[in-house]
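Look at the fold as a whole before turning to single side chains. The text below takes the charged pairs, then the helices, the rings and the surface.

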Amino acid sequence: MIPKFIVQMRRINWVLLELIILGVILRAEYSQAGVMAVGARMGLEAFNFIQGYYDPNLISFHVGVRYVNIAIIGLFFFLFGVSEEVLLAQPFITSLLSIILIYYLGKKMFSREVGFLAAFLLAIYPSDILNATILESDSIMALFIGVGMY
């Protein structure tokens with residue numbers, strides 16, 4: 001006989017997995033699939049970062065204040081190679097992690113049902129879907145704010 005809490009954990013994981021799959025499908029379907037000027041500049045700075053050069057005077061340009069983005073993209077470049085797909089992987093992954101995080105936030109603060117509702121709403125939220133497909137700091141900023149709240 002399987003204990004009740006294990007059965008509930010399995011059910012929770014399947015529903016959360018389905019919400020993540022929904023998020024992946026929507027983000028892939030409505031992808032902007034391109035790098036704008038700011039994203040290209042962050043990609044260049046991330047490439048410079050993994051080559052061992054990062055200009056501390058970059059702070060005068062607004063990309064310079066996005067150290068965390070540049071460091072994470074640099075790590076992705078180091079692990080997977082330099083390409084446009086790898087450049088766009090960071091906002092995509094952080095958006096999906098936000099779905100998981102908001103579920104746990106809702107569950108911790110209110111109930112499991114509220115966590116599922118919050119995760120579902122974020123999975124279908126148009127602004128998050130679009131931000132997951134362009135390289136800006138919005139998706140990672142939202143993730144870190146959620147981690148801070150948790």
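**Buried charges and their surroundings**

Arg27 and Asp128 are both buried, where buried means under 20% relative accessible area, exposed means over 50% and partly exposed lies in between, with a 1.4 Å probe and protein chains only. This is a predicted model, in which local features need pLDDT of at least 70 and side-chain atom pairs count only at pLDDT 80 or more, while totals for chains, interfaces and linings use all residues. Residues are numbered from 1 along each chain as its sequence is written, and side-chain values use heavy atoms, with hydrogens and water left out.

Side chains of opposite charge can pair when their charged atoms come close. A salt bridge here is a side-chain nitrogen of Lys or Arg within 4 Å of a carboxyl oxygen of Asp or Glu. The whole structure has three salt bridges. One of them joins the side chains of Arg27 and Asp128, at 2.6 Å from N to O. Arg27 belongs to helix α1 (residues 4-29) and Asp128 to helix α6 (residues 126-131), so this pair ties together parts that are 101 residues apart in sequence.

Glu45 and Arg41 form another salt bridge, with 3.1 Å between the closest N and O atoms. These two residues are separated by about one helical turn because they are four residues apart in helix α2 (residues 37-50). Glu45 counts as buried at 5% relative accessibility, whereas Arg41 is partly exposed at 28%. Glu113 also forms a salt bridge, with Arg112, and there the closest N and O atoms are 3.5 Å apart. Arg112 is partly exposed, with a relative accessible area of 23%.

What secondary structure does the chain have? The chain has seven helices and zero strands; helices (H or I, at least four residues) and strands (E, at least two) are DSSP runs, numbered from the N terminus. Of its 150 residues, 39% count as buried. Contact means heavy atoms within 4.5 Å. Among contacts in the chain with a separation of 6 or more, 73% are between residues 24 or more positions apart.

Gln90, in helix α4, is one of the buried residues, at 1% relative accessibility. Leaving aside neighbours within four places in sequence, Gln90 is in contact with Asn69, Ile72, Ile73, Phe76, Leu135 and Ile140. Ala71 lies in helix α3 (residues 67-80) and counts as partly exposed at 29% relative accessibility.

Next come the rings. Rings of Phe, Tyr and Trp (its six-membered ring) pair if their centres lie within 6.5 Å; planes under 30 degrees apart count as stacked, over 60 as edge-to-face and the rest as tilted. The structure holds three aromatic pairs. One of them is the edge-to-face pair of Tyr103 and Tyr104, with 4.8 Å from centre to centre and 70 degrees between the planes. Tyr103 is buried at 0%, while Tyr104 is partly exposed at 30%. Ring pairs link both tyrosines, Tyr103 and Tyr104, with Phe116 into a cluster.

The last stop is the surface. Met109, Phe110, Val114, Met141, Ile145 and Met149 make a nonpolar surface patch of about 640 Å². Patches are made of residues with over 30% relative accessible area and no salt bridge, with like charges joined within 9 Å and nonpolar side chains (Val, Leu, Ile, Met, Phe, Trp, Tyr) within 5 Å. Helix α7 (residues 138-149) gives the most to this patch, with three residues, and Met109 lies in helix α4 (residues 84-109).

How values were computed
Areas by Shrake-Rupley, 256 points an atom, 1.4 Å probe, with all protein chains shown as cover.
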